[in-house]
Amino acid sequence: MSVQFKKEDLLEVLKNINTVAVPNGSFTVYKNCKIIKEKEKCTFQACDSETSISVGCPFEEIKDKNDETFECLIDAKQFLLIIQTLEKESLIIFSYNNGDPKVKIKCNKFKTDIFSQDVQEFPKIELNDKSGFSIKMNAKELCSIVSKLSPCISDDYTRPIFRGLCFCPKKFNNNEDLDFDFLATNGHILGKVSSCVKGFGDPLKEQYDNGIIIPSKAVSVVSKIFSKNNNDLEIHFMNSH
């Protein structure tokens, strides 16, 4: 199965993927990028112990006699470095068949192979849980809040509850404005920013009474990806997490 990407599209996706992938961690599975090709979409995924990311990439399918869908697992940083070396405005052909040990990458006269690993080793990223509730807020506003509170977030691994940003809803009613407090502390200083966002979904449940702590790496990833974005973001809090 072969698909074709534009270099600028694939490069942007891989940069986002590599904000989460861990190239030198103890768990080698976390350095990988999972690529899922379905009939009408192609999704790139990465995760570590705290954070996961799933990004779609525009593509053009090259018809052949092989599988219409595939899943493969390759080194995220290695893949990014290869794409960065290619010519500007290139078209990249990515070929893989389920069960093959290698992924083939071709661009003009350039050809290379990357070893594919067992996709069963990669944690499942659940994207279809619609339980819980969601908020909508402007991307720049969220990044501004993160920037203000980041100095208050602890980097002490022995105190994981301090290593994140706490989203604290004050009141919640369907289809009404939701008053939100954003909190961070390292045990010595406390930062707090209040905001009014649009909330929707299931009514507020007991497990949200004390807020939801978003790990510091997830906060950092959101800030990096959406820092130049002025659109509204939807943030969904699932009942299972």
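Phe167 counts as buried, at 5% relative accessibility. The cut-off for that word is under 20% relative accessible area. Keep in mind that this is a predicted model. Phe167 sits in strand β11, which covers residues 164-169. What does Phe167 touch, once its neighbours within four places in sequence are left aside? Its contacts are Ile135, Leu142, Phe180, Asp181, Phe182, Gly211, Ile212, Ile214, Ile235 and Phe237. Take one of them, Phe180. Phe180 is 13 residues away from Phe167 along the chain, and their C-alpha atoms are separated by 7.0 Å.

Now step back to the whole chain. The protein chain has 241 residues, and 44% of them are buried. Its secondary structure comes to 4 helices and 15 strands.

Helix α1 spans residues 7-17, and helix α2 spans residues 76-85. Two packed helices are described by the angle between their axes and the distance between the axes. For α1 and α2, the angle is about 150° and the axes are 10 Å apart. That angle makes α1 roughly antiparallel to α2, because the term applies to angles over 145 degrees. The crossing of α1 past α2 is left-handed.

Which residues meet where α1 and α2 pack? From α1 come Lys7, Leu10, Leu11, Leu14, Lys15 and Ile17. From α2 come Ala76, Phe79, Leu80, Ile83 and Gln84. Sort the residues of this contact by type, and you get 8 nonpolar, 1 polar and 2 charged.

Next come the sheets. Strands of a sheet pair through backbone hydrogen bonds, either parallel or antiparallel.

Strand β8, residues 102-107, is joined to β9 by 6 bridges, and the two run antiparallel. Cys107 stands opposite Phe110 in β9.

Another open sheet has 4 strands, in the order β4-β3-β2-β6, and its pairing is antiparallel. Which strands stand at the edges? They are β4 (52-56) and β6 (70-75). Each has a single partner strand, so one side of each is left without a neighbour in the sheet. Neighbouring strands of this sheet are turned by 20° against each other on average, direction ignored.

Strand β2, residues 32-37, is joined to β6 by 6 bridges, and the two strands run antiparallel. Two bridge partners show how they line up. Asn32 is partnered by Asp75 in β6. Ile36 is partnered by Glu71 in β6. Is β6 mostly covered or mostly uncovered? Strand β6 is mostly covered, with 5 of its 6 residues buried.

Ser216 lies in helix α4, which covers residues 216-226. Ser216 has a relative accessible area of 18%. Ser216 therefore counts as buried, since the limit is under 20%. Leaving aside neighbours within four places in sequence, Ser216 is in contact with Ile153, Arg163 and Gly164.

Glu234 belongs to strand β15, residues 232-237. Is Glu234 buried or partly exposed? Glu234 is partly exposed, with a relative accessible area of 49%. Glu234 and Ser134 are 100 residues apart along the chain. Their C-alpha atoms are separated by 6.6 Å.

Key
Residues are numbered from 1 along each chain as its sequence is written. This is a predicted model: local features need pLDDT of at least 70, side-chain atom pairs count only at pLDDT 80 or more; totals for chains, interfaces and linings use all residues. Side-chain values use heavy atoms; hydrogens and water are left out. Axes are lines fitted to C-alpha atoms, for helices over the stretch in contact, and angles run from 0 to 180 degrees between N-to-C directions. Angles under 35 degrees count as roughly parallel, over 145 as roughly antiparallel, 65 to 115 as roughly perpendicular and the rest as oblique. A crossing is left-handed if the near helix is turned anticlockwise from the far one by less than a right angle, and right-handed if clockwise. Contact means heavy atoms within 4.5 Å. Ala, Val, Leu, Ile, Met, Phe, Trp, Tyr, Cys and Pro count as nonpolar, Asp, Glu, Lys and Arg as charged, and the others, Gly among them, as polar. Buried means under 20% relative accessible area, exposed over 50%, partly exposed in between (1.4 Å probe, protein chains only). Two strands pair if DSSP finds at least two bridges between them.
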